Amino acid sequence: MSILPQCLKFGSGTAAVVHAGNGDGVQPLSKIAIHKAVYALHENASVKAHPLVLGTKGGDSDWVTVEIECPKPSEDDWIAVFSPANFRLKEFINGSSSICQPSDDMEQFPHICSAPIKYKYANDSDADYKKTGKSSLKFQLINQREDFSFALFSGGLSDPKLVAVSNVISFANPKAPLYPRLSQGKSWNEMTVTWTSGYNVIEAVPFVEWGMKGESQTRSPAGTLTFHQNDMCAPPARTVGWRDPGFIHTSFLKDLWPSSVYTYKLGHKLVDGSYVWSKSYSFKSSPYPGQDSLQRVVIFGDMGKAERDGSNEYSNYQPGSLNTTDQLIKDLKNIDIVFHIGDITYANGYISQWDQFTSQVERIASTVPYMIASGNHERDAPNSGSFYDGNDSGGECGVIAETMFYVPAENRAKFWYSTDYGMFHFCIADSEHDWREGSEQYKFIEKCLASADRRKQPWLIFVAHRVLGYSSSYWKDASFGEPMGRESLQGLWQKYKVDIAFFGHIHNYERTCPVYQGQCMHVGKSHYSGTVNGTIHVVVGGGGSHLSAFGPTQTSWSLYKDSDFGF
């Protein structure tokens, strides 16, 4: 057998965009000082949105036209999309101030305490807006369980003044079951289906109707989870970034036949006995462990999300995200399983973005297992138990990722797990928890590596978000990886003959020789077979976020570098 990790790129057209602008890496919604917003409503300003009802043809996304008229237009006027539509504090029930929690940087109690879900500048589609005071914008909205309104602000993002508010629009079926994401279960012949809806179990019983394609269908119940504002660890997730996540349901489809096509649809049985259904989906079950067949695995990290309507300046935040998504969709028939190894949405505490991400990847995640790993932008928050004490998660502290996506971990708060796929045995580590020798996770890693039956599953793969192995981008302190990473783990990789270790976090592609203790253990550079006496380390963090530079040092172990988006 032989294997060579390759990086799929998107062609010269995309590369030109990459080199023209690399992005600024700042969550666009964090640029809005919404807690400083004041009312400056103008009787002659107006915002009108249509159509009033979205998704009338059964879709979970739709386009909205927003017409603006402003008597005193300015270049920094902008339109915010709010959901729920009732975003102004004075309109909350009973005028309750407890709904809006002030944060440390709020000088006074805010008029508006929730960030919009997206925005555009008023002159986005009309360069004459400043002269005419009129503009027409188009937004693409997805079903996020609540209604929507549009607000015109002057003063730019840093000094927002509310000038006008639109009518309310909504989806025809706002509580519908949506955005299924598949995952491997705890055994090779189990598939899990997780989805989001607006139905609590008191209102409706969730389940999946499924079966082998063309044969009789059965039903499996689903468990239901959610999380609350006080589950968040820090701002903005606890403050302006908070948005109700709805309800997340997971069903376990068991005793699957190997390599077989199954169909399924999501269902909710209402208290009156009627049913709400999703559209139909299909997946192919896992091959039997050790089955000698073509098995196609896609691995990448750091993709994030973007906006197809051009809102939120996402071209400056995750410039390659849609390219990655669209290429995966285009090639979906040639993909069996996907690993997105951390830095998933880059929501950074703006919770509305998780719905938008699951919508973006729905065609992928509903068709093949979409396995995730925990990254700093999912987990890290001060005093929350993460190994790193920054606030890269924006206060999410892992709660959202571990609820929105299922992984076959023993404890969902500890995001390490193993999974089998055909001839592959994967050990997924959580780089945001302690992995050092003697830690609970270190014991798991050794147990996972030791448990591989190399006769059935010759390929042993290690995965983590941060580069616990080798990367030329860590050149400033000459560590070439996370401090203490290789020191703690390379002995295990060598002992158990790990074939390949994949990492994200660094936003580029790099492949090493089979390496141990900084030395190449095999003379080959592109194709390997038999025993190679070292582990190939592959950085695959170019999924979509702004690209990372390589250091100037030319190391002997780095064989291929590519500063481009891909997987």
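# Close-up views of a predicted model

View 1. In UniProt, an unreviewed entry annotates residues 534-567 as "domain: Purple acid phosphatase C-terminal".

**View 2. Domain 1 and domain 2 meet at an interface with 3 salt bridges.** Domain 1 spans residues 34-171, and domain 2 spans residues 178-562. Taken over C-alpha atoms, the centres of domain 1 and domain 2 are 34 Å apart. On the domain 1 side, 25 residues make contact with 27 residues of domain 2. The size of an interface is often expressed as the accessible area lost when the parts come together. Between domain 1 and domain 2, the buried area is about 2000 Å². Carbon and sulfur atoms contribute 49% of that area.

**View 3. Lys118 and Glu307 form a salt bridge through their side chains.** The N to O distance in the pair Lys118 and Glu307 is 2.9 Å.

**View 4. Three strands, β18, β19 and β20, form an open parallel sheet.** The strand order is β18-β19-β20. The edge positions are taken by β18 (297-300) and β20 (370-372). Each of these edge strands has a single partner strand, so one side of each is left without a neighbour in the sheet. On average, neighbouring strands of this sheet are turned by 20 degrees against each other, direction ignored. β18 is joined to β19 (residues 337-340) by 4 bridges, and the two run parallel. In this pairing, Val297 has Ile337 of β19 as its bridge partner.

**View 5. Strands β13 and β14 form a hairpin.** Strand β13 covers residues 204-212 and strand β14 covers residues 218-225. The pairing of β13 with β14 is antiparallel and comprises 4 bridges. Phe207 has Pro221 in β14 as its bridge partner. Between β13 and β14 lie 5 residues. In the turn, Gly214 has a positive phi of about 85 degrees.

**View 6. Strand β14 also pairs with β15.** The strands of a sheet pair through backbone hydrogen bonds, in either a parallel or an antiparallel sense. Here β14 and β15 (residues 247-253) run antiparallel and are joined by 4 bridges. Opposite Thr224 stands His249 in β15. β14 is also the strand that forms the hairpin with β13.

Definitions and conventions. Residues numbered from 1 in each chain as written. Predicted model: local features only at pLDDT ≥ 70, side-chain atom pairs only at ≥ 80, totals over all residues. Heavy atoms only, no water. Pairing = 2+ DSSP bridges. Axes fitted to C-alpha atoms, helices over the stretch in contact; angles between N-to-C directions. UniProt positions renumbered as here; feature names shortened; annotations may be inferred. Domains from an automatic or database assignment. Contact = heavy atoms within 4.5 Å. Buried area = accessible area lost by both parts, 1.4 Å probe. Salt bridge = Lys/Arg side-chain N within 4 Å of Asp/Glu carboxyl O.
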